[in-house]
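Here is a short briefing to read with the model open in your viewer.

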Amino acid sequence: MWRNAKTPEQKMMIINRMLPMTKDMYNEALIYFTSDENDKVRGSAISIIELTSEEDIVKHIPEEFPETGVEALYKIAIQNRFYLLLAKLLNRFTVKKIWVTNIFFVNNQDLWSLLSENKNFIRTAYHLQEEIEEFLKASELIYIEKIKEQFTYLTEIEKIDRDELAEEELDEDEDIVEFDFPDFLITENPFEGLKPEEVAHKRETFAQMLKNLSVAGKIKLAGLGNLEARKALIKDPKRLVYMAVMKNPRITEKEIIAIASDNSMPDDIINLIANKKEYVKNYQVKKSLVLNPKTPFRISVRLMQLLRKEDLKKVSESRSIPASVRSMALRILNKEREKAKSKK
């Protein structure tokens, strides 16, 4: 019945309950009118919805809804601390970037607890991560580290998408070239039997070759090169190149441990190592990741549960890693001590 209302006057009659209808129908109409093009209709609907129970709003959110209505409901949810409604909106409708700073910048712990766990919000907001981190820092909100971590993981998805596109562009734009690399970039012992001056010359030649190689050439070499090539290319600024090193079938556990210890490594390499079972089954890899200040807090906490007491003590005393990681290590140690005392 309310859907037949066309003019502002007819819609206001519905809002003012001048026409008979059930409670459910009335709430449906109010929610839909929050997106009305007429300012009076929209404002009146919003003012009543703000006094409506959260359950009634959630129950009547339409499947398809204009952006103006979604924006209005986001404002109502945050202003009234309707977090069930907010969660429903986040999971059903896209957040516009402009809404992040205009609507979501509210100093409230519960709000940011919810936002830091919501993939749709993070996916939209990661372009504004600097502004968000500055706001959280200024507001002294505790979820800044959690938000940073989520940005790291979800930005990784965007990087993968961009890199896959870049690989396609490489295939399309570059002529197919068969790269013929010299043996000292392929064989595992390239300097065996050479004099020091000959080794130095080979290294200079290698450095010059890398400088002149195209991205496609570096990717190819990263995937099949020897230790010398891998050590150089893991430091390459291009993600396609350093990630190709990680796919090299000749990469060793010793290298993985060294990479896991290196705090100059990009975040995505740290995440890759931490989430690959064949790598983290090695104890030294676990230990190296926890002691690496670049490792995200969530990963450090997961892995430190598997460390020996003496290594946990090192973690708790290290000044090079975040205080939150040190604190967690100390908490685990204290629990172990309490268990030991209770057994005596």
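Does Asn292 count as buried or exposed? At 2% relative accessibility, Asn292 counts as buried, and this holds in a model that is predicted.

**Asn292 and its surroundings**

- Asn292 belongs to the loop that runs between α19 (283-291) and α20 (297-304).
- Leaving aside residues up to four places away in sequence, Asn292 touches Ala260, Ser261, Asp262, Asn263, Ile270 and Ile321.
- One of these contacts, Ile270, is also among the buried residues of helix α17.
- Met265 is 27 residues from Asn292 along the chain, and their C-alpha atoms are separated by 10.0 Å.
- Helix α17 (residues 267-274) is mostly covered, with six of its eight residues buried.
- Those buried residues are Asp268, Ile269, Ile270, Asn271, Ile273 and Ala274.

**Aromatic pairs**

- A pair of aromatic rings is described by how far apart the centres are and by the angle of the planes.
- Nine aromatic pairs are found in the structure.
- In one of them, the rings of Phe105 and Phe135 have centres 4.5 Å apart and planes at 15 degrees; planes under 30 degrees apart count as stacked, so this pair is stacked.
- Phe105 sits in the loop between α7 (97-104) and α8 (109-115), while Phe135 is in helix α10 (residues 129-139), so the pair ties together parts that are 30 residues apart in sequence.
- The two partners fall into separate accessibility classes: Phe105 is partly exposed, with a relative accessible area of 24%, and Phe135 is buried, with a relative accessible area of 17%.
- Trp112 and Phe121 have ring centres 6.0 Å apart and planes at 80 degrees, so this pair is edge-to-face.
- Trp112 is buried, with a relative accessible area of 0%, and Phe121 is likewise buried, with a value of 0%.
- Tyr74, Trp99, Phe104, Phe105, Trp112, Phe121 and Phe135 form one aromatic cluster, which takes in both the stacked Phe105 and Phe135 pair and the edge-to-face Trp112 and Phe121 pair.

**Arginines over rings and arginines with positive phi**

- Arg17 lies over the face of Tyr26, at 4.1 Å from the ring centre.
- Tyr26 itself is one of the buried residues of α2, whereas Arg17 is exposed, with a relative accessible area of 52%.
- Arg17 is located in the loop between α1 (8-15) and α2 (23-33).
- The backbone of Arg17 deserves a look too: its phi is near 60 degrees, a positive value in a residue other than glycine.
- Arg81 also has a positive phi, of about 60 degrees, although it is not a glycine.
- Arg81 is in the loop between α5 (67-79) and α6 (83-92), and at 54% relative accessibility it counts as exposed.
- Elsewhere, the charged end of Arg308 sits over the ring of Tyr283, 3.9 Å from its centre.

- α1 and helix α3 (residues 39-49) pack at an angle of about 10 degrees, with their axes 10 Å apart.
- That angle makes α1 roughly parallel to α3, and α1 passes α3 in a left-handed crossing.
- On the α1 side, Pro8, Lys11, Met12 and Ile15 meet Lys40, Val41, Ser44, Ala45 and Ile48 of α3.
- An α-helix has 3.6 residues a turn, so residues three or four places apart point the same way.
- The buried residues of α2 are Tyr26, Asn27, Ala29, Leu30, Ile31 and Phe33.
- Their cover includes α1, α3, α4 (54-59) and α5.

**Packing of α21 against α22**

- Helix α21 (residues 309-317) and helix α22 (residues 323-343) pack at about 140 degrees, with their axes 7 Å apart.
- That makes α21 oblique to α22, and the crossing of α21 past α22 is left-handed.
- From α21, the contact is made by Lys309, Leu312, Lys313, Val315, Ser316 and Glu317.
- From α22, the residues in contact are Val325, Arg326, Ala329, Leu330, Ile332, Leu333 and Glu336.

Notes. Residues numbered from 1 in each chain as written. Predicted model: local features only at pLDDT ≥ 70, side-chain atom pairs only at ≥ 80, totals over all residues. Heavy atoms only, no water. Phe/Tyr/Trp six-rings, centres within 6.5 Å; stacked < 30°, edge-to-face > 60°. Helix = DSSP H or I, 4+ residues; strand = E, 2+ residues; numbered from the N terminus. Buried < 20%, exposed > 50% of the residue type's maximum accessible area, 1.4 Å probe, protein only. Lys NZ or Arg CZ within 6 Å of the ring centre and 35° of its normal. Axes fitted to C-alpha atoms, helices over the stretch in contact; angles between N-to-C directions. Parallel < 35°, antiparallel > 145°, perpendicular 65-115°, else oblique. Left-handed = near helix turned anticlockwise from the far one by under 90°. Contact = heavy atoms within 4.5 Å.
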